[in-house]
Amino acid sequence: MMVRTGILKKLSNDPSIKSGVMTNVANDDLDDFLVRFRAAGKPVQEPSAGMVNTIEASEIARVPVADIVRLVLDGRLATVETGCEELRFRSVFVRPEEIRPAAQEVISEQGMSAKEVATQLGLKVMAIEHLRTKTDLDGQQFLKGVKVANARGTIRYCYAKEDVDKFCSKYVTLQELADNAGTSTKSVSVKLSKLGLEPIMDRYILRAKVFRRADL
C-alpha cells in the first residue's frame with residue numbers, strides 16, 4: 001500500500017516487470033523512511049494513555065495503515081509519539097480518534113463529498129452519482145467528479161466547488177422554483193408541464209425534478 005501511495009518506491013517502475021528483485025524496495029529507502037517516520041513524533045519512554053501504533057490505530061479507526069502513515073509524515077496529526085527504536089515501524093504511536101477527522105480534512109481539500117454536494121443542491125446523495133455518470137444534451141456530464149483512491153484502492157469521488165456552483169447556475173430543482181415563487185411544487189409542476197418543459201432526468205431516478213434554467 002505504501003508503494004502504491006508513493007510513500008515508498010520500487011527499484012523499478014517499469015510496468016512490464018511483474019515480479020523479481022526489481023519489484024522490491026531498496027533497504028536504504030526503507031531506512032530513510034523509518035528515519036522520517038520516527039522524526040515526526042515526540043520521543044517518549046512509554047506511549048501516553050490512548051496512544052497505539054499505526055497498525056492498531058488502523059484497526060480501530062478503520063483507515064488504511066498507509067493513509068495513517070501519510071498523515072503522520074505530513075504533520076496532520078496533533079499527537080504523535082516515538083518509542084523504542086528497536087520496535088521499528090511499530091515504534092510510532094498515534095491517537096486513533098484524531099485519524100478519521102484528519103483523513104476527512106484531506107478529502108475535503110480535494111473537493112466536496114457527494115453528501116455535501118447533495119445538501120447544497122437539495123438532492124438525495126444517490127442523485128449525485130446519476131448526475132456524475134449521465135450527460136446532458138450537449139454530451140457533457142451534468143456534474144464532474146474527481147476520482148480519489150485511498151491506500152486500499154477504494155474509490156470515491158469529490159467535486160470541485162466551482163463545478164457545483166456551475167451546476168447551480170445551469171440547473172434548478174422544482175423545490176427551489178416553488179420556494180422562489182412562494183407556492184407549492186405541485187402548482188409549479190403543472191405550469192411547467194403545460195409549457196411542455198421536461199426535467200433533465202426522470203424524477204424517479206433523481207428522486208426530484210431538476211430543470212435547465214435556459215428552458216424556463
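In helix H2, Ala57, Ile60 and Ala61 meet Pro96, Ile99 and Arg100 of helix H4. Contact here means heavy atoms within 4.5 Å. Helices (H or I, at least four residues) and strands (E, at least two) are DSSP runs, numbered from the N terminus. This is a predicted model, where local features need pLDDT of at least 70 and side-chain atom pairs count only at pLDDT 80 or more, while totals for chains, interfaces and linings use all residues. Residues are numbered from 1 along each chain as its sequence is written, and side-chain values use heavy atoms, with hydrogens and water left out.

Back to the two helices. The axes of H2 and H4 come within 9 Å and cross at roughly 70°. That makes H2 roughly perpendicular to H4. The axes are lines fitted to C-alpha atoms, for helices over the stretch in contact, and the angles run from 0 to 180 degrees between N-to-C directions. Angles under 35 degrees count as roughly parallel, over 145 as roughly antiparallel, 65 to 115 as roughly perpendicular, and the rest as oblique. H2 passes H4 in a right-handed crossing. A crossing is right-handed if the near helix is turned clockwise from the far one by less than a right angle, and left-handed if anticlockwise.

Helix H5 (residues 114–121) packs with helix H7 (residues 161–170) at an angle of about 30°, and their axes are 11 Å apart. H5 is therefore roughly parallel to H7. This crossing of H5 past H7 is right-handed. On H5 the contact is made by Val117, Gln120 and Leu121, and on H7 by Val164, Asp165, Phe167 and Cys168.

Now the end of H4. Glutamine 110 is placed in that helix, which covers residues 96–110. Between the C-alpha atoms of glutamine 110 and proline 96, 14 residues apart along the chain, the separation is 23 Å. Is glutamine 110 buried, partly exposed or exposed? At 40% relative accessibility, glutamine 110 counts as partly exposed, since buried means under 20% relative accessible area, exposed over 50%, and partly exposed in between (1.4 Å probe, protein chains only). Leaving out residues up to four places away in sequence, glutamine 110 touches Val148 and Cys158.

That brings us to the cysteines. How many disulfides does the structure hold? It holds zero disulfides, a disulfide being a pair of cysteine sulfur atoms within 2.5 Å. For cysteine 158, the nearest cysteine sulfur is that of cysteine 168, 17 Å away. Cysteine 158 is buried, with a relative accessible area of 1%. Cysteine 84 is partly exposed, at 40% relative accessibility.

On to a strand. Threonine 173 sits in strand E7, residues 171–173. Threonine 173 is buried, with a relative accessible area of 11%. Not counting residues up to four places away in sequence, threonine 173 touches Leu121, Leu123, Lys209 and Val210. A polar atom of the threonine 173 side chain lies 3.0 Å from the backbone nitrogen of glutamate 176.

Last, two loops. Most residues other than glycine have a negative phi. Arginine 62 has a positive phi, near 60°. Arginine 62 lies in the loop between helix H2 (54–61) and helix H3 (65–73), and is exposed, with a relative accessible area of 68%. For arginine 207, phi is near 60°, also a positive value. Arginine 207 is in the loop between helix H10 (203–206) and strand E8 (210–212).

Terms used:
Polar contact = N/O pair within 3.5 Å; in protein donor to acceptor, adjacent residues only side chain to side chain.
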